[in-house]
Amino acid sequence: RLRAPVRMPPAKGMRQPVASKPLLDCFWNLADVEPTARVEAASQLLALLAADPTAEGGCADAELSPELAYALGRLIKGLASSRDCARQGFALALAQLLRAFPAVTPARVLDETDKELQAGSKGPAEEREQAIGYFFAHAAIVRSGRLLPDAASTAAKGGAAKKAKRSADSGVSGCPADAARVLRGLAKAADRRWFLAEGAMLAASELVEGALIESLPDAERSMAAQALLPELVTALGGRERNLPDCRPDQLLLALRAGKAFCDAGAGALLCAALPGLGIDVRTGSLLSGSSGGTGGSGSLARTAPLLLEPLRSASCAHPRVHSVWEAVLDELLGPEGPAISNPGVEESGKKRKGAPVQSGLAAGCAGLAQLWRFVVDEGLVMAPSAERKYLALRLLQRALPRVCASAEAAALAAGADAASAKAAAAAAAAPLLSKPLITFLGHTLRGQQHWLRPVAADALAAVEAAASNNEALAIALLARLGPAAIASANASETAAYEGNDAAAPTAKRGKGEKGGK
């Protein structure tokens with residue numbers, strides 16, 4: 001006998017779908033390998049969330065709508081996914097979500113991140129993925145701009161002016177406590193996985209520089225500096241940390257954060273908290289020694305040996321050049337920018353007010369020469385590690401054009417003529433073309449099967465480009481090579497020509513001659 005069908009009651013605690021299919025499709029497309037597809041998916045996701053009137057989130061204390069709460073949780077969990085480019089796409093969408101919705105505060109994102117991506121909650125394989133996602137979540141908060149004090153302009157970039165005004169009225173401005181918490185999380189991400197350390201400290205540097213930006217009132221900058229200082233000390237290894245014990249990423253953070261603190265008037269506070277690093281209380285520089293110099297040769301002669309191990313360990317980023325080297329070059333030579341023929345004179349012929357600042361570049365070039373001798377010549381070229389030799393060649397390729405341009409600009413700013421400026425550039429670049437480096441470069445280029453030959457060819461091209469634009473540098477390079485090296489090069493070139501000439505006549509010989517056809 002047939003029975004009537006029994007309708008089962010819904011399972012207890014069964015989750016009902018809170019997101020529409022178009023919204024779910026956006027999450028799938030966020031992992032696309034094409035950057036344009038990820039950007040389009042993030043834009044579509046924000047448009048769908050903004051179309052829901054309950055997802056407006058007028059103030060920081062407002063409750064999130066179901067769809068917005070689902071999107072936030074899904075984005076944070078997706079940061080731990082290794083599928084295609086999911087981390088990049090989900091981090092992009094999370095940063096834009098923070099910009100567009102004031103209710104999605106950095107504190108909420110940090111709480112959700114700690115709940116979903118906490119260390120020690122999974123197995124070793126999943127822990128690695130979660131550590132990467134943990135870093136991406138904190139980096140997205142920094143890139144969103146929500147930690148900056150000017151929250152009104154930040155919200156205006158992500159939405160309409162009405163949302164910007166509501167954001168300012170609701171107190172969504174950058175909170176020093178949130179900034180300190182993000183800095184703590186970035187330091188934790190650097191400790192969880194070594195390959196995340198460089199990116200984490202780069203994000204931490206951006207955070208510190210943004211929180212202490214010059215446009216802020218002095219009172220707000222002082223408040224932000226006091227809130228960030230304990231976490232900065234922890235990120236740099238503690239109060240007892242010395243310069244030789246720093247990791248390359250910690251040195252990167254110290255270089256950039258030190259200048260930001262001193263510009264904010266908190267240099268004495270930072271120096272007292274980190275006495276072992278020898279930070280200059282006036283400039284915030286680590287490259288000027290304890291005497292308070294300007295990064296010249298005298299001060300770096302004392303500091304360069306202490307920087308040997310941190311800068312030599314930067315070969316861990318092989319085959320890239322670690323970002324700490326960019327910070328060192330910026331510290332000594334100034335930020336890289338377009339070349340100018342005479343930085344001390346305007347088009348009208350009048351001297352600029354800021355022209356004397358360029359004269360400090362000469363001291364930076366002299367300081368780089370000291371650093372080059374200790375770190376590159378002795379620490380990289382003479383090292384048995386092939387990765388460190390590779391780094392030395394890459395540094396030559398990157399530093400030589402900047403040194404020539406900076407030294408020439410400094411000479412022109414001091415009133416020298418073009419010929420004297422070229423000579424000054426040659427004198428500044430000569431220490432980079434040291435005997436150990438030139439000898440290793442020639443040895444590598446002679447070895448046809450040497451795996452460093454391509455990068456050596458790139459370094460040689462940089463040397464040729466610098467010498468072709470500066471006759472004084474070309475003469476200095478020939479003098480440094482010496483007669484023996486030049487004779488050896490000429491002999492090799494002659495042998496190559498003779499080899500070609502010996503092979504060519506075989507086709508011209510008659511039938512009766514030896515070798516015949």
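Axes here are lines fitted to C-alpha atoms, for helices over the stretch in contact, and angles run from 0 to 180 degrees between N-to-C directions. This is a predicted model, in which local features need pLDDT of at least 70 and side-chain atom pairs count only at pLDDT 80 or more, while totals for chains, interfaces and linings use all residues. Residues are numbered from 1 along each chain as its sequence is written, and side-chain values use heavy atoms, with hydrogens and water left out.

**Whole chain**

Start with the protein chain in cartoon view: its secondary structure comes to 21 helices and 0 strands. Helices (H or I, at least four residues) and strands (E, at least two) are DSSP runs, numbered from the N terminus. Switch to a surface: the accessible surface is about 25700 Å², and 57% of that belongs to carbon and sulfur atoms. Such areas come from the Shrake-Rupley method with a 1.4 Å probe; for residues, only the protein chains shown count as cover. Of the 517 residues, 46% count as buried, where buried means under 20% relative accessible area, exposed over 50%, and partly exposed in between (1.4 Å probe, protein chains only). Among contacts (heavy atoms within 4.5 Å) between residues at least 6 apart in sequence, 70% join residues at least 24 apart.

**The core**

Select Phe261 and Trp325. These are the residues with the most contacts inside the largest nonpolar core, which has 140 residues. Helix α17 (residues 386-413) gives the most to this core, with 11 residues. A nonpolar core is a set of buried Ala, Val, Leu, Ile, Met, Phe, Trp, Tyr and Cys residues joined through side-chain atoms within 4.5 Å. Stay on Phe261 and show its surroundings: leaving out residues up to four places away in sequence, Phe261 touches Val208, Leu212, Ala225, Leu228, Leu229, Leu232, Ala266, Gly267 and Leu270.

**α11 and α12**

Next select α11 and helix α12 (residues 248-263), which pack at an angle of about 160° with their axes 11 Å apart. That angle makes α11 roughly antiparallel to α12, because angles over 145 degrees count as roughly antiparallel, under 35 as roughly parallel, 65 to 115 as roughly perpendicular and the rest as oblique. On the α11 side the contact is made by Arg221, Ala225, Leu228, Leu229, Leu232 and Ala235, and on the α12 side by Gln250, Leu253, Ala257, Phe261 and Asp263. The crossing of α11 and α12 is left-handed. A crossing is left-handed if the near helix is turned anticlockwise from the far one by less than a right angle, and right-handed if clockwise.

Now pick Glu231, in helix α11 (residues 218-235). Is Glu231 buried or exposed? With a relative accessible area of 15%, Glu231 is buried. Not counting residues up to four places away in sequence, Glu231 touches Ala180, Leu183 and Arg184.

**α10 and its partners**

Helix α9 (residues 176-192) and helix α10 (residues 197-211) pack at an angle of about 165°, with their axes 8 Å apart. α9 is therefore roughly antiparallel to α10. α9 passes α10 in a left-handed crossing. Show side chains: Ala179, Val182, Leu183, Leu186, Ala187 and Ala190 in α9 meet Ala197, Ala200, Met201, Ala203, Ala204, Leu207 and Val208 in α10.

α6 and α10 pack at an angle of about 25°, with their axes 10 Å apart. This makes α6 roughly parallel to α10, again in a left-handed crossing. Phe135, Val142 and Arg143 in α6 meet Gly199, Ala200, Ala203, Glu206 and Leu207 in α10.

**The loop between α3 and α4**

Select Ala80, in the loop between α3 and α4. Ala80 counts as buried, at 17% relative accessibility. Leaving aside neighbours within four places in sequence, Ala80 is in contact with Arg87, Leu117, Glu129, Gln130 and Gly133.

Asp84 counts as exposed, at 54% relative accessibility. Its phi is near 45°, a positive value in a residue other than glycine.

**Last stops**

Go to Pro319, in the loop between α14 (297-312) and α15 (323-333). The peptide bond from His318 to Pro319 is cis, with omega near 5°.

Finish at Ala427, in helix α18 (residues 418-429). Ala427 counts as exposed, at 54% relative accessibility. Ala427 and Cys404 are 23 residues apart in sequence and 9.0 Å apart in space, C-alpha to C-alpha.
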